[in-house]
Amino acid sequence: MAWRLVILGALASKRFECLTYGSTKSALWLSLSDSHRRRYPWCVRIFLWLIFSAQAFGAGLDHYAQLVVTDARTTPRDGVRVTYLGTNGYQFEFKGHALLVDPYFSRVDLLSVALGSRIQPNASRINDGLRHLASGNCRTDAILVTHGHFDHLLDVPTVMAKTRARLVASASSVDLVRQLPDAGASSGDAVKPGDVRRFGPWKIRVLPAIHDRLFGKVPFDRPLSQAGRSAEGSAKTGPPQRAADWVCGEPLAFLIEVNGQRIYIDSGGTPMQLPPNESGSRRMDLAILGMALPDSRARLHAALERLHPRYILPSHQDNFFRPLSAGFQFGSLTDFPFVERECAKQNRSRLILLDYFKRWTLPKAANPKHQIPTRKLSR
């Protein structure tokens with residue numbers, strides 16, 4: 001409570017704007033910068049207000065210790081190893097090759113986001129995160145990005161420079177990166193749903209996705225006609241500086257195939273866009289599903305019916321305004337007890353959790369064909 005009062009005190013020194021919401025005429029007080037009154041869409045303002053007002057000391061992973069998995073010292077290292085980086089960030093390793101998804105270490109504080117302050121990568125936190133990932137001569141082949149929000153894309157240019165990995169993302173996300181100083185024209189591989197990319201042992205299929213909504217709108221977004229601007233138009237606008245400048249753009253999901261195993265990963269979604277039902281009679285080995293907002297939880301049952309994963313890993317559940325060094329804490333808008341109950345209905349799937357930077361090797365299936373009953377497939 002003391003922490004929240006300190007933040008409220010800081011906000012009280014700024015100018016505020018009263019926003020009337022719906023017929024209830026509820027007063028939602030949202031801070032504006034003293035020097036620049038930025039006109040955010042109403043849905044973004046409500047989103048920031050809700051996150052701020054709901055911040056509380058949440059539960060950590062100790063409440064679900066029975067679900068947390070990690071490698072033992074005796075675990076063979078010749079399989080596919082998964083490391084959680086916080087938010088929706090992951091590293092996958094296999095035989096000296098690595099693949100990153102949405103690496104985000106800077107963990108910009110809530111106040112900077114709420115005030116529309118300028119944000120930038122935290123070099124110290126990025127270096128510390130990459131030190132945790134250092135693993136012999138492991139080479140990072142590519143960085144996959146699900147969408148352009150700051151908690152997914154902000155650190156990517158810095159990580160690219162340090163790892164020399166190639167960016168694989170939507171055209172709108174690649175465009176954001178190219179607006180940054182010294183990014184270079186060949187900084188990313190713009191992909192769209194249906195594309196397939198191969199890097200080392202990895203086969204990556206690009207799948208369609210839709211970002212979760214809040215009050216019917218996607219936070220920090222603009223129409224696709226504006227999100228996918230030309231390089232000339234981007235140069236006139238300038239590089240992204242504030243959280244709202246890192247627009248969602250076109251969200252993507254990925255199907256990663258390696259070592260005869262299949263990993264599905266997205267960052268959340270809506271019931272309007274479920275994972276493609278292309279698995280046939282094969283199960284997914286691991287489904288990493290974003291669970292940050294209510295839309296994601298509403299589509300969870302149907303998504304699992306399509307994927308039939310051996311392992312379910314709910315993602316994007318932590319409070320990403322806290323430094324990674326502070327430890328895992330569930331975000332205030334998440335509802336893990338609901339996720340746990342919903343996953344329990346998938347009695348052939350195992351629900352797991354990962355702690356920050358703790359490696360876990362994805363076990364091979366006893367039956368390599370991962371057969372599932374055809375009658376359970378949702379079409």
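View 1. Strands here are DSSP E runs of at least two residues, and helices are H or I runs of at least four, both numbered from the N terminus. β4 (residues 89-94) and β5 (residues 97-101) pair up antiparallel, with five bridges between them; for two strands to count as paired, DSSP has to find at least two bridges. A word on the source: this is a predicted model, where local features need pLDDT of at least 70 and side-chain atom pairs count only at pLDDT 80 or more, while totals for chains, interfaces and linings use all residues. Residues are numbered from 1 along each chain as its sequence is written, and side-chain values use heavy atoms, with hydrogens and water left out.

**View 2. β4 and β5 sit in an open sheet of seven strands.** Read across, the order is β8-β7-β6-β5-β4-β3-β16, and the pairing is mixed. The edges go to β8 (188-190) and β16 (360-362); each has a single partner strand, so one of its sides has no neighbour in the sheet. On average, neighbouring strands here are turned by 25 degrees against each other, ignoring direction.

View 3. Contact means heavy atoms within 4.5 Å. For angles, axes are lines fitted to C-alpha atoms (for helices, over the stretch in contact), and values run from 0 to 180 degrees between N-to-C directions.

**View 4. α4 (residues 123-133) packs against α6 at about 50 degrees, axes 11 Å apart.** That makes the two helices oblique to each other, the label for whatever is left once under 35 degrees is called roughly parallel, over 145 roughly antiparallel and 65 to 115 roughly perpendicular. On the α4 side, I126, N127 and L130 meet T158, V159 and K162 of α6. By class, this contact has three nonpolar, two polar and one charged residues.

**View 5. A further open sheet of seven strands runs β9-β10-β11-β12-β13-β14-β15, again with mixed pairing.** Its edge strands, β9 (196-199) and β15 (350-351), each pair on one side only. Inside the sheet, β10 (residues 202-208) and β11 (residues 252-258) pair antiparallel over six bridges, and K203 has E257 in β11 as its bridge partner.

**View 6. Helix α11 (residues 300-307) lies across β12 (261-265), β13 (286-290) and β14 (311-315).** Against β13, α11 runs at about 160 degrees.

Notes: Nonpolar A, V, L, I, M, F, W, Y, C, P; charged D, E, K, R; others polar.
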